[in-house]
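Work through these exercises with the model open beside you. Try each task before you read its solution.

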Amino acid sequence: MKSFDQLLNESVERHGHLCAGQVIGVRMAMLGCRLVGIEDPKDATYAKKLIVFVEIDRCATDAIESVTGCRMGKRTLKFKDFGINAATFLNLDTHRAFRIVSTERSRELCKDFAPTGVDPKRQQIEGYKSMPDELLFDVRQVQVSLGEWDMPGPPRRHSVCTRCGQMVRDGKEFKVGDETLCGPCSGESYFYPAGAGNSVESETLVGEA
Ligand SMILES: [Zn+2]
Ligand SMILES: [Zn+2]
């Protein structure tokens with residue numbers, strides 16, 4: 001694995017700016033790989049051996065992607081939308097998995113680990129860089145159930161929606177009575193026909209009605 005500074009530089013380049021999230025994400029990914037015994041996640045030896053579950057779609061997630069090379073397009077990055085600055089690292093060979101949570105206390109501790117007299121943003125970045133893992137993270141060994149349909153590799157099943165004819169891959173179809181339905185036809189949808197705004201109350205609708 002490259003050095004922290006090298007990995008941070010790469011991550012910042014990709015992300016577009018240096019921020020606390022890049023520092024936390026790079027450190028989280030380096031620790032996660034080490035805990036599950038993956039020395040260099042981008043080495044061909046480890047191709048598709050590492051699965052990372054991220055729990056938030058914010059800055060640190062970009063850093064985790066950058067360090068590990070795990071991506072949604074390879075099915076090696078999974079997104080669980082919990083709004084928590086945490087990630088779980090799973091080695092598919094050994095089934096060892098660790099969940100790492102960025103602690104709330106670390107925010108307050110930054111000032112103790114940063115040079116004095118720097119501006120608050122710099123203080124945060126420098127603090128997160130130098131505080132020990134035990135203060136920055138809570139780490140727990142966990143078990144992760146990764147279903148057959150969520151594994152990397154070619155799709156294991158193709159189904160056709162009996163209502164609209166849409167092809168559905170990877171076992172993501174819904175059985176409703178006798179029917180095999182795609183997500184939208186089953187009502188599991190995130191979008192609505194334009195003009196249906198009145199029936200949706202608590203969501204903000206974006207797009208023209
Ligand atoms: Zn950022
Ligand atoms: Zn359908």
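**Exercise 1: The sheet**

Val-54 has Phe-79, a residue of β2, as its bridge partner. Keep in mind that this is a predicted model.

Task: Find how β1 and β2 pair, and in what order the strands of the sheet stand.

Solution. 
- Step 1. Look at the pair. β1 covers residues 50-54, and it runs parallel to β2 over three bridges.
- Step 2. Recall the rule. Strands of a sheet pair through backbone hydrogen bonds, either parallel or antiparallel.
- Step 3. Read across the sheet. The order is β2-β1-β3-β4-β5. These five strands form an open sheet with mixed pairing.
- Step 4. Find the edges. β2 (77-79) and β5 (137-142) each have a single partner strand, so one side of each has no neighbour in the sheet.
- Step 5. From one strand to the next it averages 20°.

**Exercise 2: The zinc ion (ligand 1)**

Task: Name the residues that coordinate the zinc ion (ligand 1), and decide which arrangement they make.

Solution. 
- Step 1. List the donors. They are His-15 (NE2), His-17 (NE2), Cys-19 (SG) and Cys-59 (SG), at 2.0 to 2.3 Å.
- Step 2. Check the angles. Four donors count as tetrahedral if all angles lie between 85 and 135 degrees. Here the angles are 92 to 133°, so the arrangement is tetrahedral.
- Step 3. Read the spacing in sequence. It is H-x1-H-x1-C-x39-C.
- Step 4. Compare their exposure with the cut-off. Buried means under 20% relative accessible area. His-15 has 17%, so His-15 is buried. Cys-59 has 27%, so Cys-59 counts as partly exposed.

**Exercise 3: The zinc ion (ligand 2)**

Task: Describe the site of the zinc ion (ligand 2) by its donors, angles and spacing.

Solution. 
- Step 1. List the protein donors. They are Cys-161 (SG), Cys-164 (SG), Cys-182 (SG) and Cys-185 (SG), 2.3 to 2.4 Å from the ion.
- Step 2. Check the angles. They run from 102 to 116° among the four donor atoms, and the site is tetrahedral.
- Step 3. Read the spacing. It is C-x2-C-x17-C-x2-C.
- Step 4. Cys-161 is in the loop between β6 (158-160) and β7 (167-169). Cys-185 is in helix α7 (residues 183-186), and the two are 24 residues apart.
- Step 5. Cys-161 has a relative accessible area of 3%, so Cys-161 is buried. Cys-185 has 23%, so Cys-185 counts as partly exposed.

**Exercise 4: Glu-126**

Task: Is Glu-126 buried or exposed? Describe its surroundings too.

Solution. 
- Step 1. Locate the residue. Glu-126 sits in helix α5 (residues 120-130).
- Step 2. Check the area. The relative value is 19%, so Glu-126 is buried.
- Step 3. Find the polar contact. The side chain of Glu-126 meets that of Arg-122 at 2.5 Å.
- Step 4. List the touching residues. Leaving out residues up to four places away in sequence, Glu-126 touches Phe-113, Ala-114 and Pro-115.

How values were computed. Residues are numbered from 1 along each chain as its sequence is written. Chains are lettered from A and ligands numbered from 1 in the order in which they are written. This is a predicted model: local features need pLDDT of at least 70, side-chain atom pairs count only at pLDDT 80 or more; totals for chains, interfaces and linings use all residues. Side-chain values use heavy atoms; hydrogens and water are left out. Helices (H or I, at least four residues) and strands (E, at least two) are DSSP runs, numbered from the N terminus. Buried means under 20% relative accessible area, exposed over 50%, partly exposed in between (1.4 Å probe, protein chains only). A polar contact is a pair of N or O atoms within 3.5 Å; within protein, one must be able to donate a hydrogen and the other to accept it, and residues adjacent in sequence count only if both atoms are side-chain atoms. Contact means heavy atoms within 4.5 Å. Two strands pair if DSSP finds at least two bridges between them. Axes are lines fitted to C-alpha atoms, for helices over the stretch in contact, and angles run from 0 to 180 degrees between N-to-C directions. Donors are N, O and S atoms within 2.8 Å of the metal (3.2 Å for Na, K and Ca); water is not among the atoms, so sites may look incomplete. Four donors count as tetrahedral if all angles lie between 85 and 135 degrees; four count as square planar and six as octahedral if opposite donors are over 155 degrees apart and all others between 65 and 115; anything else is irregular.
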